[in-house]
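Morning, everyone. Please look at the slide.

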Amino acid sequence: MEELLTSNLFVQQVKKLYKVGELLGLDIDTLEALSQPERVIQVKIQIRGSDGKLRTFVGWRSQHNSALGPYKGGVRYSPNVTQEEVIALSMIMTWKNSLLLLPYGGGKGGIRVDPKKLTLKELEDLSRKYIQLIHNYLGSNVDIPAPDINTNPQTMAWFLDEYIKITGEVDFAVFTGKPYELGGIGVRLYSTGLGVATIAREAANKFIGGIEGSRVIIQGFGNVGSFTAKFLSEMGAKIIGVSDIGGGVINENGIDVNKALEVVQRTGSVVNYPEGKKVTNEELLISDCDILIPAAVENVINKFNAPKVKAKLIVEGANGPLTADADDVIKQSGIVVIPDILANAGGVVGSYVEWANNKSGGIISDEEAKKLIIDRMTNAFNTLYDFHKRKFADQDLRTVAMALAVDRVVKAMKARGLL
Ligand code: NAD
């Protein structure tokens, strides 16, 4: 345990777990059992570069907890990824899957690599080699990886093909987020944004008098941000501000999401949207609005800008956009925060639909899949809202969401004799 306490994200996650443990009355032995991953696999991945030279990378798969089912979580390719980060992210997946009542434990994988510096052939070799080294620990009832940062349906196709070659098992349910032809589902592409928009609508109904006409600002206009914007405007919300890494734009009359997408396609950044006031990301986050959706990167709302946030409701599209310090300030201001483990869980719910469909040999339509995601997200929101009101009204929704998730894992572990 000692050596694990070096990563910020891991330390933060353990701290949060201990806070929730206090609330649930869990003893220290239980908390220790919940923090430790069940297994962490580290592999040395060697490939021949296109120049003929040997290249060595390090990769991991962390299997945090399987009390509720097979491990589930993405694989990221990033030059900064560390073993501790992968462990922390696998722990977050345990809580996210539990909160959404999915039949999964938590897992996460990573390779320390800058994919931009590799050719497509080198990326393929790297991906296949990773699966050669960890395939013994994967399976549709064991551990089911999915895309994450810098991995995509093509990566999953390489993973799947290599897995089939090695095991001889033609099991498409071992990976999710696959291309359509390999059992992927169309909605996976936009399922996180659909989930964020659904949660924003439910939260708006409960806390700010409804989504219709509410003024929304979204930071980040990538996969999560742009689809969230699209679905929210279809629900009748007014998107008054958007941004990406190049900066943002505010327009009180509303931003046309399709036009903004076209601007990004054409010019590379939403900052070039022609109508409205250009703002920096810092200005965008503290601009007046009803709902603020940080959907870009972590730690963007911190103790310095938190006191200036004017939104009534914050819905966390990104993972970890609020620091722990910001959480305290925001709570004092009376702003409601819908935590990431609920708000952005639409992605893993979409993966669940794909997995269940592959497992059953079913052919699900996009409309059915979409309905399943909306229903799951709505039910999870209502469960959290009721539990918060009934039992822990003095706590913030983040703590209560984690309490619900941890409690379910603890019950499963006790029932199985693991605690
Ligand atoms: P993406 O790469 O598609 O888009 C990221 C967007 O954020 C881009 O518009 C980029 O320009 C912008 N951005 C990057 N750095 C920024 C900065 N410093 N300031 C302002 N904007 C910045 O990524 P994504 O898939 O949309 O993921 C966004 C967040 O949502 C991440 O935290 C990710 O972990 C989380 N998330 C994604 C999914 C998913 O299914 N894609 C699921 C759950 C959580």
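Ala, Val, Leu, Ile, Met, Phe, Trp, Tyr, Cys and Pro count as nonpolar, Asp, Glu, Lys and Arg as charged, and the others, Gly among them, as polar. By those classes, the ligand's shell holds seven nonpolar, nine polar and two charged residues.

A caution on the source. The model is predicted: local features need pLDDT of at least 70, side-chain atom pairs count only at pLDDT 80 or more, and totals for chains, interfaces and linings use all residues. Residues are numbered from 1 along each chain as its sequence is written, and side-chain values use heavy atoms, with hydrogens and water left out.

The side chain of T192 puts an N or O atom 2.6 Å from a ligand oxygen. For the side chain of N319, that distance is 3.1 Å. How much of the ligand does the protein bury? Of the 830 Å² that the ligand exposes alone, 69% (Shrake-Rupley method, 1.4 Å probe) is buried by the protein.

Last, the helices (DSSP runs of H or I, at least four residues). α12 covers residues 346-360 and α13 residues 366-391.

Methods: Polar contact = N/O pair within 3.5 Å; in protein donor to acceptor, adjacent residues only side chain to side chain. Axes fitted to C-alpha atoms, helices over the stretch in contact; angles between N-to-C directions. Helix = DSSP H or I, 4+ residues; strand = E, 2+ residues; numbered from the N terminus.
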